[in-house]
Structure formats: C-alpha cells, structure tokens
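I set out to record what could be looked up in this model. The entries follow the display below.

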Amino acid sequence: MGFLESITEKARPPELEEFERVMVIQPHPDDTEIAIGGTIARLSENSEVIYVTVTDGSLGSRDPSITREELTIIRRKEQESAARILGVKRLFWLGFEDGGNYDYIDVRRRLVQLIREYKPQLVLTVDPTLRYEFHPDHIKTGRAASEAVLFYQFPRFENQEIFDIERSVLDIGYFFTSKPNQFVCIDDYRKRKISAIKEHKSQMGEGLDLLLWYLEEKEREQGKRIGCEYAESLRIMPTFALHAFVEGEFI
Ligand code: ZN
C-alpha cells in the first residue's frame, strides 16, 4: 500500500450510522435539503441530527413587497417543516443578517459554544474552499464551522471558565463540494428529500424545474459510483487533517 493510500485508510470515516450525534451548520434555510437531504433523512434514523442555521434567510426573495422581518418568519417555518420531513427535531437559529456585513469570528464563537454543549461526533457544513463560490454567507459559514471544529477543544479558547471540555468531533463533512470523497446511497430517502425541498415554497420560483432536473441527473451519476440509483456526495475529513497537514487535499 502506498503512502497516500495508507493515509486515506487512516482518514476513512466510520459508517454514517455509527455517529450518534450530527450537527449540520448551514448558511441559509434550504441549503442542507438541496445538497444532502437524502443523507440527512438516512442519518436521522439512527442519529440525533441538529440543524444550526447561521443567517435569517431574509435576503432570499425577489418580491419587493415583502419585508426582511416577514421573510425571516416565513423561511423559519419552511425550514422547520422541511426538517420535520427528514426526521430532524432540534433546530438552532443564529440570526445573522442574510448577506449582511457580520464578522465570521462572531459566528465561530457561537458555533464553538454549540459544539461544546451538544458534542456532535460529525459536523456537516458547506465547503468554504469551493473555488467559484462567491456568496459570502457560504464562505463565512464553512470557514467558521471548520475553525470551530479546530478550536472548541482548547479550554482557553473563547471561555476561560470551561476546563472540562469533552472532545467529541471525529470528522467534518463538507457538502456543496467539488472534491467529494464519500457517496451516500439515498435510494430509500430521495422522495422525502424532494418533499423537503418543496417545503421551501418562498424559494421555489421558476428555477424549481431546473434545480430538480440538475439534482436528479447529478445524483444518478453519483449513484453509478456505488451501485445505487441515486447518491449524494460529501467530502469527509478527520479533524487531524484540518491543520498543517499537506496530504489533506488528497484524502
Ligand atoms: Zn445558501
């Protein structure tokens, strides 16, 4: 076995079903359903899945008659319905302004607190290194989540009072990634994924048909890699690979 193969072997995540608690950190309501809704439905059967939505989603409409406050309420309800379909029971809202001028350091602080409190073994979030991603909420969320996973375990980070921090996070998994290393069969969960996506009614305008076509084609293509009809993709990395580890990008 070559050097890189050995490293990939050591970095291989456990079976998804083995994670007891999973924290999904998404920039906006709907990101998770679109990217990995089937994976979430599958995970929820054996694991407790917690959603953390970083922004209030208040920018996501072209309708000039709707206020940010109204849209925030609508999108929260839509996300709650979608999460229910996928079996997610606990949702947290950080309430940062969608597309706003907030500092990702403040997001990171909130995420460190949540990780310390809920002790997930797997954190799922958007890939902040996606080359042509220009939505600042996605870049800030993925970065804040990655840094939170790196730093939460150090007692002197953010809170001098906490010294009995339990190390919990084994892996971080990125969605909306162009470098996936795991494919998840969603044949038994795809119907629920599509229903959950459709709960985001405020987001489903004329682009819905195109989105559904894109997802079906992509999932079918990915399914071929693991002998399934449909599969979603993730880039899962062990936490040890998140800092000063040159081979990280080859895992
Ligand atoms: Zn988004």
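The entries run from the overall fold to single residues.

I noted first that this is a predicted model, in which local features need pLDDT of at least 70, side-chain atom pairs count only at pLDDT 80 or more, and totals for chains, interfaces and linings use all residues. Residues are numbered from 1 along each chain as its sequence is written, and side-chain values use heavy atoms, with hydrogens and water left out.

Overall fold. I looked up the secondary structure and found seven helices and seven strands (DSSP runs, H or I of at least four residues for helices and E of at least two for strands, numbered from the N terminus). Along the sequence I read the order α-β-α-β-α-β-α-β-α-β-β-α-α-β.

Dimensions. The radius of gyration, taken over C-alpha atoms, is 18 Å, which agrees with the value near 18 Å for a compact globule of 251 residues (the rule is 2.2 Å times the number of residues to the power 0.38). Along the principal axes, the C-alpha atoms fill a box of roughly 55 × 50 × 35 Å.

Burial. I found that buried residues make up 51% of the 251 residues (buried is under 20% relative accessible area, exposed over 50%, partly exposed in between, with a 1.4 Å probe and protein chains only).

R131. I located R131 in the loop between strand 4 (122-126) and helix 5 (136-151). R131 counts as exposed because its relative accessible area is 69%. The C-alpha atoms of R131 and F183 are separated by 21 Å, at 52 residues apart along the chain.

E229. I placed E229 in the loop between helix 7 (208-224) and strand 7 (231-238). Its relative accessibility is 44%, so E229 counts as partly exposed.
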